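Trainee: Could we go through this model together, beginning with the ligand and its surroundings?

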Amino acid sequence: MGAGIAEVFARAGLRVIGVEADEAALSRGRGHLEGSTGRAVARGRMTAEEQAALLGRIAFTTSRDDLAGADLVVEAIPEVMEFKRGLFADLDRICKPSAVLATNTSSLSVTAIAATTSRPAQVIGMHFFNPAPVMRLVEVVRTVVTEDGLPDEIAGLARRLGKTPVTVGDRAGFVVNRLLLSYLNHACALLETGLASRDDIDAAMRLGVGLPMGPFTLLDLIGLDTSYEVCEVLFRESRERRHAPAPILRELVTAGLLGRKTGRGFHSHDRDAPETAGEPGGRPEISLVGLVGGGPDAATVLEALEAAGFKAAVAEPGDLTPVAEADVVVALSDTPVVELAVRLPRPERLVGLHLVGERVAEVAATVVTSREAAETVRDLVRMIGRTPVRCGDRAGFVVNALLYPYLNDAVRMLEAGYASAADIDAAMRLGCGYPAGPFEMLDAIGIERVRDGLRALYAEYREPSFAPAPLLDQLVTAGVPGIRAHVG
Ligand code: CAA
């Protein structure tokens, strides 16, 4: 990440001194810079001369003493407080008295880092997002002792770098990581419960919600060690079990599988590794498909099935008689379907189906669903042009189980007065490339639907943080149509 940050400054015409711990790390950093700017040249975004000039503005060294004349130092070393304290004590000694010392920490206390120096008023958080040259957000973190005017100055600098700053106070995870890592850790927990596979969860969130990456691909990009540490810090502050890093993160980190930077984490990032072959989707050998449920989704599925030449029988959840003889029964639902299955003469034939966005359908197999029925419905889903996401028959399936608690967390953050809805939305859009911020998503989905989904998740998992935030609940009870219009 240090290399990415160096690139951002050099792109803006500033001179940079890149310090690494040793020669090997230095040459890796140089390689990153050459690779990243080389890609920009290959894509016609930069000329070879501009690349040479950019690289010429960066000096590479392994000596911290070379920072004596710097006006600003941005630290981006591993997330271990002891390392940070040691480094800041050194920087305080080496750098000129007017220099500002910034930390790119993802979640550690900027105040605690500042306190190790003799200039705590000149220590600030300047938090970039991975990959730094691409992501447009910078969280500017001020502490209670930060000099007046410095946050604005750093925010101005961030703008000069082509970034959008959001200034926040010093709380674990700031805005983005507090919301993001809770969600990513939750994805790990769902994977561990066997609700769905790594690839199904990734596909659900990427194709279903429109996020640029699925949670496991993103964890690999961030680095599993960093992710682990951020969760640890969140847990230390909140003492909420869901922030405790998922055991699978510890296992992978202990095994040295840290994600992209080591070539393997949840995924393998070896360029030569063969792509896993997509599953073949044949035409299912069935004559009658039963469809349970009404509404626009049922109409969409019915139309697609009939267009593909299948005969379909339709039933309402109250009376399943019309579908009793179907070869497979598809129950359109965003809630568990096992109670429908057990009312059929052959419960093993029923499968839950939940359309998500335009490209994905969650295919929920109950504990009694047969393998054949689940496979048949997956084939049908492919035939109607969607990607099937296999999952267990549990509240929220995959997408809502991950998305709704994240939206709830954003409401809690707003409720706590930590940041405004507009800042939280901007932070998630620009920091993570999300198509919309959480409050925009809440309004698009409908606050009542989210509140009800959270209630169902709470009833199923009994996780206290899944209970709807009081503000959300009250806005629904008050009948306000949207959250943004109300909270400003
Ligand atoms: N360095 C520099 N540039 C990069 C890059 C990198 N590592 N990776 C991609 N790019 C550039 C590409 O060159 C390309 O540039 P142009 O459009 O100018 O040609 C652009 O980004 C898009 O890249 P691709 O077309 O190759 O790939 P993509 O469309 O799949 O985008 C992505 C890649 C930008 C990484 C996108 O997937 C994304 O936005 N992912 C989400 C990343 C995210 O959430 N980051 C935040 C993580 S949290 C964090 O970092 C904070 C923390 O403290 C833990």
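Mentor: A polar side-chain atom of arginine 39 lies 3.3 Å from a nitrogen atom of the ligand, which counts as a polar contact, a pair of N or O atoms within 3.5 Å. Please keep in mind that this is a predicted model, in which local features need pLDDT of at least 70 and side-chain atom pairs count only at pLDDT 80 or more, while totals for chains, interfaces and linings use all residues. Residues are numbered from 1 along each chain as its sequence is written, and side-chain values use heavy atoms, with hydrogens and water left out.

Trainee: Is the peptide bond from asparagine 130 to proline 131 cis or trans?

Mentor: Proline 131 sits in the loop between β5 (123–127) and β6 (137–142), the strands being DSSP runs of E with at least two residues and the helices runs of H or I with at least four, numbered from the N terminus. With omega near -10°, the bond from asparagine 130 to proline 131 is cis.

Trainee: Is asparagine 177 buried or exposed?

Mentor: Asparagine 177 belongs to helix α7, and an N or O atom in its side chain is 3.1 Å from an oxygen atom of the ligand. Buried means under 20% relative accessible area, exposed over 50% and partly exposed in between, with a 1.4 Å probe and protein chains only. Because its relative accessibility is 7%, asparagine 177 counts as buried.

Trainee: Within what arc do the buried residues of α6 fall?

Mentor: In helix α6 (residues 150–160), the buried residues are Leu150, Pro151, Ile154, Ala155, Leu157 and Ala158. Seen down the helix axis, they line one face of α6, because the directions from the axis to their C-beta atoms fall within an arc of 155°.

Trainee: Which exposed residues does the face of α6 turned away from its buried side carry?

Mentor: An α-helix has 3.6 residues a turn, so residues three or four places apart point the same way. On the face of α6 turned away from the buried side, the exposed residues are Asp152, Glu153, Arg159 and Arg160.

Trainee: Is phenylalanine 174 buried or exposed?

Mentor: Phenylalanine 174 lies in the loop between β7 (164–169) and α7, and has a positive phi of about 50° although it is not a glycine. With a relative accessible area of 0%, phenylalanine 174 is buried.

Trainee: Is arginine 239 buried or exposed?

Mentor: Arginine 239 also has a positive phi, of about 60°, although it is not a glycine, and its place is the loop between α10 (224–238) and α11 (247–254). At 56% relative accessibility, arginine 239 counts as exposed.

Terms used:
Polar contact = N/O pair within 3.5 Å; in protein donor to acceptor, adjacent residues only side chain to side chain.
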